[in-house]
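Please examine the sequence and the structure shown below.

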Amino acid sequence: MRKKDLALEVINRLEKEYPDASCSLDYNDAWKLLISVRLAAQCTDERVNKIVPGLYAKYPTIEAVAEAPVEEIEKIVRPCGLGKSKARDISLCMKMLRDEFNCQVPDNMEDLLKLPGVGRKSANLIMGDVFGQPAIVTDTHCIRLCNRIGLVNGIKEPKKVEMELWKIIPPEKGSDFCHRLVYHGREICTARTTPYCDKCCLNDICKKKI
């Protein structure tokens, strides 16, 4: 099966398996998603969702976060790990949104990637979830599963995986496909335990029989 055909079959099966898959980070504004995805690095989305309400209760706007002492931000976000660097990036990011983007989150990759602490994964998440644009979010689940399934071959670098997937994933399917990979990676094709291949809807087409 050609990779493009395999990709379409995987997309179709995951759509049936996880019809309501969506971003597992809670947010109601684009700038809050920017903060949450930065905090989610080496931290679970569940923990991030528990921590951010305290941050927004104290600093409810972009301007408020931008003006907050970095040390105060760090105190709040410390349970997410890497508190010092995450607090610094959040502060600098909100300052740039305030000073250069009129407190509006940019709707294009070029400007999103200028924001401190925002890499391609975060930018793609914003593009797909906030602006409904074609996006491929190459998080750890995406990279692991795409290699196992055979959509990419032995590629672990996020940007390279993203570029390979753009060749075979219909643009309008990319964002939801990546969300479904997260669900599948958590429930079935796990990283820290033996994957539950006997329960997998992709069992008969997966390249790597683990």
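## Terms and basis

Axes are lines fitted to C-alpha atoms, for helices over the stretch in contact, and angles run from 0 to 180 degrees between N-to-C directions. Helices (H or I, at least four residues) are DSSP runs numbered from the N terminus.

This is a predicted model, in which local features need pLDDT of at least 70, side-chain atom pairs count only at pLDDT 80 or more, and totals for chains, interfaces and linings use all residues. Residues are numbered from 1 along each chain as its sequence is written, and side-chain values use heavy atoms, with hydrogens and water left out.

## Helices H2 and H8

Helix H2 and helix H8 (residues 120-130) pack at an angle of about 145°, their axes lying 10 Å apart. Ala 30, Leu 33, Leu 34 and Val 37 of H2 meet Ser 122, Leu 125, Ile 126, Asp 129 and Val 130 of H8 in a contact (heavy atoms within 4.5 Å).

## Helices H3 and H5

Between H3 (residues 45-58) and H5 (residues 70-77) the packing angle is about 150°, with the axes 9 Å apart. The two helices are therefore roughly antiparallel, a term for angles over 145 degrees. H3 contributes Ile 51, Gly 54, Leu 55 and Lys 58 to the contact, and H5 contributes Glu 72, Ile 73, Ile 76 and Val 77.

## The nonpolar core

A nonpolar core is a set of buried Ala, Val, Leu, Ile, Met, Phe, Trp, Tyr and Cys residues joined through side-chain atoms within 4.5 Å, where buried means under 20% relative accessible area (1.4 Å probe, protein chains only). The largest such core has 74 residues, and those touching the most other members are Trp 31, Met 94, Leu 97, Leu 115, Leu 151, Leu 165 and Phe 177. Helix H2 (residues 30-39) gives the most to this core, seven residues.

Notes: Angles under 35 degrees count as roughly parallel, over 145 as roughly antiparallel, 65 to 115 as roughly perpendicular and the rest as oblique. Buried means under 20% relative accessible area, exposed over 50%, partly exposed in between (1.4 Å probe, protein chains only).
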